[in-house]
Amino acid sequence: WSSDVCSSDLNEHLEASEAERRRAEEALRESEERYRRITEAVTDYIFTVRIEDGHPVETVHGPGCVAVTGYTSEEFASDPYLWFRMVHEEDREAVQKQTSDILSGEDTQPVEHRILRKDDVTRWVRNTPVPHYDTHGKLLTYDGLIRDITERKQAEEALEYERGLLRTLLQSLPDAIYFKDREARFVRVSDSLLE
């Protein structure tokens, strides 16, 4: 009788352990899915550049860099020039000037530029630097906020295309055409109306 009780207790314990394992696996799957959704939604990340003797010596990229660039913090750490190589060739001069201005203590403004992600997709980012100085005014570090602005840039390009199309139409149509605002002021007129 005692071995039957022990066997029954053991079976109940094993079933409880199996149920607990399944709950833990499900919780892990849910957590990983939640992390994936959050990571995909991230459009910003922060990096920090440490300065010694007026020169950058280390850059640490926050974990959000994967969502924006496709590269991990570890990949950036193992390749100190990766951040610059991924900048679109036509935008490198503006990025270099921003870095030079920071290092020389000049006021810097955010720079909008393109990057080539790890998956070869071109994205637009806005790089906003925040320098940190010691009590004597010596630059110690600067942080940067990288924000993915690709959707905004695409919307701006689409709007500019539409405006250009409207300009072309207004210049080429033989009829007199005009647009007025709510106060009856002319806002756009065709060339033929001007003539």
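**Note on the predicted model**

1. The protein exposes about 14000 Å², of which carbon and sulfur atoms supply 53%; accessible areas come from the Shrake-Rupley method with a 1.4 Å probe, and for residues only the protein chains shown count as cover. This is a predicted model, in which local features need pLDDT of at least 70 and side-chain atom pairs count only at pLDDT 80 or more, while totals for chains, interfaces and linings use all residues. Residues are numbered from 1 along each chain as its sequence is written, and side-chain values use heavy atoms, with hydrogens and water left out.

2. On overall dimensions, the radius of gyration of the protein is 29 Å, whereas a compact globule of 195 residues would have one near 16 Å. The radius is taken over C-alpha atoms, and the globule rule is 2.2 Å times the number of residues to the power 0.38. Along the principal axes, the C-alpha atoms fill a box of roughly 110 × 55 × 35 Å. Of the 195 residues, 23% count as buried (buried is under 20% relative accessible area, exposed over 50%, partly exposed in between, with a 1.4 Å probe and protein chains only).

3. The protein has seven helices and seven strands, in the order α-β-β-α-α-α-α-β-β-β-α-β-β-α along the sequence. Helices (H or I, at least four residues) and strands (E, at least two) are DSSP runs, numbered from the N terminus. Among contacts with a separation of 6 or more, 37% come from residues 24 or more positions apart; contact means heavy atoms within 4.5 Å.

4. Helix 1 spans residues 2-41 and contains A16. With 45% relative accessibility, A16 counts as partly exposed. From A16 to T128 the C-alpha distance is 53 Å, and the two are 112 residues apart in sequence.

5. The structure holds four aromatic pairs. One of them is F47 and Y142, edge-to-face because the ring centres are 6.4 Å apart and the planes stand at 80 degrees. This pair links distant parts of the chain, since F47 is in strand 1 (residues 44-52) and Y142 is in strand 5 (residues 139-148), 95 residues apart. Both F47 and Y142 are buried. The rings of W83 and F84 also form an edge-to-face pair, because their centres are 5.5 Å apart and their planes at 70 degrees. Rings of Phe, Tyr and Trp (its six-membered ring) pair if their centres lie within 6.5 Å; planes under 30 degrees apart count as stacked, over 60 as edge-to-face and the rest as tilted.

6. W83 counts as partly exposed, at 30% relative accessibility. R92 lies over the face of F84, 5.4 Å from the ring centre. Elsewhere, the charged end of K180 sits over the ring of F186 at 4.6 Å from its centre. A charge sits over a ring if NZ of Lys or CZ of Arg is within 6 Å of the ring centre and within 35 degrees of the ring normal.

7. Q98 belongs to helix 5 (residues 92-103) and counts as buried at 5% relative accessibility. Its side chain reaches the backbone oxygen of Q109 at 3.1 Å. Not counting residues up to four places away in sequence, Q98 touches T108, Q109, P110, V111, N127 and P129.

8. D148 lies in strand 5 and, at 15% relative accessibility, counts as buried. The side chain of D148 makes polar contacts with the side chains of R123 (3.0 Å) and T150 (2.7 Å). A polar contact is a pair of N or O atoms within 3.5 Å; within protein, one must be able to donate a hydrogen and the other to accept it, and residues adjacent in sequence count only if both atoms are side-chain atoms. Leaving aside neighbours within four places in sequence, D148 is in contact with T43, D44, V68, R123, W124 and V125.
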